[in-house]
Every structure is written in C-alpha cells, then in structure tokens.
Amino acid sequence: MQTDDLRIVARKLLRTYQVRSTRSRNLALALGKGQEKLWSQGDLMCGEGQPSDSMFVTMEGSVQVLKRDTTGTEKELAVIPAPSMIGQMGLVDGSARSATCRAASNIKGILISKQTFNSLLQEQSPEGSAFRHLLISTMMGQLSSANEKIGGLVDDMVEEQTAEVPIETNQEANKDKLMKIAGVLDGWEAKEEDVDGLESVEFVMDEDMKRTKDARDRARRW
Amino acid sequence: MASSSTVVKQLQNLHLFRNVSAKDLTKLTQMCQILEFRPRQIIFAQNAPADHAMILVSGKLDVCILTGHTERHLGSILPGEIFGESGLFHSGGTRSAMVRANKDSICLLVTPELMRETWNNQAIVALEQFLIATMARRIRNTNLEIQKIWKVESADQQKNEQSLQMEESEQSGGLLGKLKSLFGGK
C-alpha cells in the first residue's frame, strides 16, 4: 500500500472519530501492518454470528450493515461510508460478529488480522499508541452517541405520555430505534462528516475537531 | 505533600500497573502532576470544561450529579481507577458529573499531551489497555440491557396483540421505565 494513501486515510479516520491525541503518520504506520483487500459490490464481508477473526478499515466505498430482528427478519442498520472501522468490537472482547456487512459498492480496504490487532494493542511504539487511541476514541463515541439516542427516545416517550392531545404510540418504531441504538453500541453508525476538503491539514487541530463535533451533534438529533 | 517515591509504591500496588516496572512508574510520576485533595474538596465540577483525566492513587472519591438543588450520588471511585477520560481524547466537552473527595486522596493528573507524546512508557500502554477494556465492558453491558429491553418489548407487543396489553405492560414496567432504569432512574 502507498504510504501517502495510508496517510490520507489515517487523517480522515482521526477526524471522523475525533481523535485529538495522536498523529496521522503514526496511525498510517499502524494501518500499514494490515493487508490491502478489495471487495466487489454485493460481496459478503462478514456474517452475523460468525467468529470475529479480523477487522477492516475501509479506504474507499460503502458498507451496508444488516441485522436480524427478533422475528429473524434482516433489517438495514446503516450504510457506512469510507473511511471507517468495521468489526473491531469482536476483537476487543472476543464476541461474535454482531451484524452482517456487505459491500454496498466496490470497496478498497485494509484487513487487520486478530494477531496484528493484538500485537498493536500491546506494542510500545508510536503506531501502537496511535491505534489504541483510535480504538478508545471510537468506543467513547459509540457510548456517548448511544446515550444521546436513548435520552432522545426517553424524551419522545415522555412527550407521548404527557401530551394534552394523545400522540399515537408507535411500538414498532420504538423497537426499530432500540435496535439501531444496539447497533450504535456495536459501532454500526454512519459518520456524517465531510472531510474531503480537509486533506491538506497536517495534524488534527482542535478547531477542526470542534467544527466536526458541532456538525455531528446537529446531525445526531432524530 | 506525598513524595514521588511514596506514590510509586502506591502505584505498584494497583492492579492497573501490575506489569509495569518501577522505572516506568517513576517516570510517570515525574511527567504527571501529583495532586492531593482533602475530604469534600471538589476535583471536577459538573459542566466544567473536560480537558484532562486523573488516576486515583489512594483515597476514595464520590461521583454526584446536581439537578436543581438536589444532589444524587452516582457511585464511588476507588484507587486504580481512571476518571474524566473523555477529556483526553475529545475536545470541547464538559464534565457530566461532579467528582469530590470522600477522604484524603492522591491523584495523578493525565493530560492529552502526555498521552500524545509518551508512547515509550509501559505505564501509559497499561493505561490505554485499561481504558479499552473498560469501554468494551461498558458497551457490552449497555448493549445487553438494550437487547433485553428490546426482546421483552417484542414479547410484550405480541401479547398485547392477543388482548393482554394493559396487564402485561404494568407487569413489565413499560418501555419508558426500563429505559430510564438504564440510567439508574425509576
């Protein structure tokens, strides 16, 4: 893989996941330890319930995330554009794949095996540190986003219950929202940031981060 | 004032740093500010800017939320725990709760700069691994609770469709009650 390509992806990842504590060149070194992989539109990347033996970083293209509901019907949770991290949660805690991922378009990405992942988690190196910071930041984002969505759902339901004019409760919609919150906790959430215009910035600056956060906060409201 | 060597000894006793050499822990205490707090002293004020984290070395801290004039105790922080960690990785955030010393306590102040620049110290690696494990546990626990609520809600809905809705809804506390309970509410 070209170092310059990895650097661009690393910068975008740092902005998308709002990591301010590491440098893109170190994250690019970490990504360079993975293997380049191509998927064609429609390819199965991983299946719900399968063992987690690798994670992916998408560089180009989009991933469709599907999950079965309690009746066994497969529902779309999100379509996640590049760059994104896919399947890292299973490697962190040893759980099975929580959803099915299909290539929504042709995808260029990086496959990081369980062995490389574990080595990066333990490595006393700039790339190990960068990778760990990305992971921590991603998980913090998952938790805070899910918390906000639960808060939003509770607010909606309180409003339904206390409204002077009765609002029809839509149990099916609430169940779908809960399913999506569970998906957010697993990392299945599309990030809305437009980072294409920021490629020339050398390092993640706080002002950039703040703008990105503001945009994300606005987009999060249901 | 606690000396660096005393703090190193206390750090060595923490599970978090069980595999870290005394040399790296000494370096850590030289790079981090050591802060001491008296009982009831506020360490983080609610809604204050979040721009650093702390590791509790000794003592005990209380975590509280203020809503109007009411203070609600959310939990305690014990030695070996890191708190305020969102300030290390995300900028522009604020403290969601107040942290106050319950008894004489010693903390190490951890800044984003320290995390960014110090990759060659096993104590920092241990700290990062601890955070990853903590986040993963929180995510899994919350996810399990959500899935439980979701499944119960689906079962409730099926029963509701069989004309048992009022009775069952009361028995299970309703979706709203279950979601609120995720945050420790009733």
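**Exercise 1. Describe the overall make-up of chain B.**

Solution. Chain B contains 6 helices and 8 strands. The model from which these elements are taken is predicted. Along the sequence, the elements of chain B occur in the pattern α-α-β-β-β-β-β-β-α-β-β-α-α-α. Chain B has 186 residues, of which 32% count as buried. As for contacts in chain B with a separation of 6 or more, 73% are between residues 24 or more positions apart.

**Exercise 2. Determine the strand order of the open sheet of 4 strands in chain B, and identify the strands at its edges.**

Solution. Step one is the order: the strands are arranged as β1-β8-β3-β6 in chain B, with antiparallel pairing. Step two concerns the edges. β1 (33-37) and β6 (82-83) of chain B each have a single partner strand, so one side of each is left without a neighbour in the sheet.

Step three follows the pairing in detail. β1(B) pairs with β8(B), residues 105-110, in the antiparallel sense over 5 bridges. Within this pairing, B:Q33 has B:L109 of β8(B) as its bridge partner, and B:I34 has B:L108 of β8(B). β8(B) is also joined to β3(B) by 5 bridges, and these two strands run antiparallel. Here B:S58 has B:I106 of β8(B) as its bridge partner.

**Exercise 3. Characterise the packing of helices α1 and α2 of chain A.**

Solution. Two packed helices are described by the angle between their axes and the distance between the axes. For α1 (residues 3-16) and α2 (residues 24-31) of chain A, the angle is about 115 degrees and the axes are 8 Å apart. The crossing of α1(A) past α2(A) is right-handed.

From α1(A), the contact is made by A:T3, A:L6, A:R7, A:V9, A:A10, A:R11, A:L13 and A:L14. From α2(A) come A:S24, A:R25, A:L27, A:A28 and A:L31. Sorted by class, the contact of α1(A) with α2(A) has 8 nonpolar, 2 polar and 3 charged residues.

**Exercise 4. Is A:Q88 buried or exposed, and in which helix does A:Q88 lie?**

Solution. A:Q88 lies in helix α3 of chain A, which spans residues 88-93. A residue is buried if 20 or more other C-beta atoms lie within 10 Å of its own. A:Q88 has 22 other C-beta atoms within 10 Å and is therefore buried. The C-alpha atoms of A:Q88 and A:L135 are separated by 8.1 Å, although 47 residues apart along the chain.

Notes: Residues numbered from 1 in each chain as written. Chains lettered and ligands numbered in written order. Predicted model: local features only at pLDDT ≥ 70, side-chain atom pairs only at ≥ 80, totals over all residues. Buried ≥ 20, exposed ≤ 12 C-beta atoms within 10 Å, placed from the backbone. Axes fitted to C-alpha atoms, helices over the stretch in contact; angles between N-to-C directions. Left-handed = near helix turned anticlockwise from the far one by under 90°. Contact = placed C-beta atoms within 7 Å. Nonpolar A, V, L, I, M, F, W, Y, C, P; charged D, E, K, R; others polar. Pairing = 2+ DSSP bridges.
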